[in-house]
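Look at the sequence and the model together, and keep both in view while reading. The text below goes through strands, a helix, charged pairs, rings and the surface.

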Amino acid sequence: MGPVKALCLLCFALCLYVQVNAQKDSMSVSEKKEPAKDSIIVMQATKDTSSVIYIAGISFYGNDKTKSYILQRELGFKQGDYMDAKDLPLKLIRARQQLINTSLFINVDIYVENKYGELVFITVNVKERWYIFPLPYFKLADRNFNTWFVTYNASLQRVNYGIKFIHNNVSGKNDKMNVWLITGYTRQLAFKYERPFADKSLKWGYNVYLNYGRQRELNYGSETSKQQFFKQDDFVRKNIKAELDYVYRPGLRTKHTIKTSYYHEEVGDTILKLNPGYFPGGRRVVNYPEVGYQLQYLGADYFAYPTKGFIVEASVVHKGFGISGMNLTQLNCNASYTIPVAKNDMLYLQSGNILKLPFDQPFYTRTLFGYGAGTPFLQGMEYYVIDGVAGTVARSTWRHRFLQFELRSPEKMKKNISIPFSFYGKVYGNLGYAYDPNPGNSLFNNKLLYSFGFGMDMVAVYDVVFKFDYSFNQLGQSGFFFHVRTDF
């Protein structure tokens, strides 16, 4: 391995290392209450013959920054509620899952502190994450690690770098602010603010997103399911995006989002010579609005790497309304269902589905599978992309957790820092289908797609998941593939 590759990989690893290890202990010694080691044992120990209990008190500890009513919002019960005693253990488990899935806390303990007859006193003990990250930004411009490392020889010219300022709990109400100052392969200035709760009932909120970007290289088409790029010294693409979202979350697990956006997209004249159908009607500049609706349901124990439960995200988006020739209605539905089979074994089922109407679309809106940025892909086909107007991908994975531990700081340190790790072995299979009325020389359109393989996942703090796969595809090809899933 040459020195350039080694340096690039070292920078990549260091950035990930900073993200994984940045955390704090938010509870001082005077505030910290030691949680019960097992909330179910506490329930069993306090169980009596009463069929109905009364929630006489709920105490919160460790939330130095986060408002207590934000924690209360996720519990599913409140002080003054009556409930069947047999329902409380399950409600405590679900409350802990809800709090973990806010991405505000490293750890959550919720348990019965005291019980006097039908009176129950509950304690919620949390350890807050580190919310502020002025981080050096280092991200591959290519859609996955293997494409960058193998296809483009780990070129540092295909890397975005800069500064990303993150504040994940600005006012203590789980509101998030991100600012990107990016250069390198792509020039980007971006601002995003998410306010999930903007009313007294804690049911509705809003998101604001602004982005300005320029790049010197552009994927203008595909040949034999491989991306085709054009590069020049001057910028070949300029884009501006403004977005405002209305967010409504009436309960604990379901969220509705209405999105409104406006786009300005501009490409160089050479792009139209290479692909006259890049934009509708051979245009070089398009300006168009977009509106959409998204439904999210989170019924899993941990959204970043579920071990049980159901997650679904469905959306419908319309681009253009005929302005600048843009006219696309797109429906997406992604779902996952994790079924526990044994203590450390689970079956993980995933499905991704896309439909684009009408079928006559320019290249700009025909990207389907493997393009990164949340688009579905089949494992083992990371070096390929698939265009089209309709497609489905299904994946089945058997996971086995073979190791779980925490790295803790020495007891002599003033701050108690712990970093949890979990390791899973896995075997998997993928099936897919991509429809394109004009497939050209694509290797994968209008036929059954399949791949399979085995690997290992490492789950770390801050919702970071490292995935190591060895996959086989239908072309008889095989290889090692690496992916990182992170919420930074």
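Two strands pair if DSSP finds at least two bridges between them. Helices (H or I, at least four residues) and strands (E, at least two) are themselves DSSP runs, numbered from the N terminus. The model is a predicted one, in which local features need pLDDT of at least 70 and side-chain atom pairs count only at pLDDT 80 or more, while totals for chains, interfaces and linings use all residues. Residues are numbered from 1 along each chain as its sequence is written, and side-chain values use heavy atoms, with hydrogens and water left out.

Begin with strand β1, which covers residues 52-61. β1 pairs with strand β2 (residues 82-84) in the antiparallel sense, over three bridges. Within that pairing, Val52 has Asp84 in β2 as its bridge partner. β1 also pairs with strand β4 (residues 119-128), here in the parallel sense and over seven bridges. In β4, Thr123 is the residue that stands opposite Ser59. In a regular strand the side chains alternate between the two faces of the sheet.

Helix α4 runs over residues 88-100, which makes 13 residues. From its first C-alpha to its last, α4 reaches 18 Å, close to the 18 Å expected at 1.5 Å a residue; the expected span is 1.5 Å times one less than the number of residues. Which residues of α4 are buried? A residue is called buried under 20% relative accessible area, exposed over 50%, and partly exposed in between (1.4 Å probe, protein chains only). By that rule, the buried residues of α4 are Leu88, Leu92, Ala95, Gln97, Gln98, Leu99 and Ile100.

Now turn to charged side chains. Side chains of opposite charge can pair when their charged atoms come close. A salt bridge is counted when a side-chain nitrogen of Lys or Arg lies within 4 Å of a carboxyl oxygen of Asp or Glu. A search of the whole structure finds 13 of them. In one, Arg237 meets Glu265, with the closest N and O atoms 2.8 Å apart. This pair links distant parts of the chain, since Arg237 lies in strand β12 and Glu265 in strand β13 (residues 254-267), 28 residues apart. Both Arg237 and Glu265 are buried.

Another salt bridge joins Lys319 and Glu290, at 2.4 Å from N to O. Here strand β15 (residues 309-319) supplies Lys319 and strand β14 (residues 285-300) supplies Glu290, and the two are 29 residues apart. Why does Lys319 count as buried? Lys319 counts as buried because its relative accessibility is 16%. Glu290 is buried too, because its relative accessible area is 10%.

Lys426 and Asp457 also form a salt bridge, at 2.6 Å from N to O. Lys426 is in strand β21 and Asp457 in strand β22 (residues 448-459), 31 residues apart. Lys426 is buried, and Asp457 is as well. Elsewhere, salt bridges that share partners join Glu266, Asp269 and Arg284 into one network.

The rings are another set of contacts. Rings of Phe, Tyr and Trp (its six-membered ring) pair if their centres lie within 6.5 Å; planes under 30 degrees apart count as stacked, over 60 as edge-to-face and the rest as tilted. The structure holds 26 aromatic pairs. Tyr263 and Tyr288 make a stacked one, 5.0 Å centre to centre with 10 degrees between the planes. Tyr263 belongs to strand β13 and Tyr288 to strand β14, 25 residues apart. Tyr263 is buried at 11% relative accessible area, and Tyr288 is buried at 1%.

Tyr305 and Tyr424 form a tilted pair, 4.8 Å centre to centre and 45 degrees between the planes. Tyr305 is in the loop between β14 and β15, whereas Tyr424 is in strand β21, 119 residues apart. Tyr305 is buried, with 3% relative accessible area, and Tyr424 counts as buried at 3% relative accessibility. Ring pairs also link Tyr263, Tyr278, Phe279, Tyr288, Phe363 and Tyr364 into a cluster.

Finally, consider the surface. A nonpolar patch of about 990 Å² is made by residues including Trp204, Tyr246, Tyr248, Leu355 and Tyr433. β12 (237-248), β17 (345-357) and β21 (418-435) each supply at least two residues of the patch. Tyr248 has its place in strand β12, and Tyr248 counts as partly exposed because its relative accessibility is 33%. Patches are made of residues with over 30% relative accessible area and no salt bridge, with like charges joined within 9 Å and nonpolar side chains (Val, Leu, Ile, Met, Phe, Trp, Tyr) within 5 Å. Accessible areas come from the Shrake-Rupley method with a 1.4 Å probe, and for residues only the protein chains shown count as cover.
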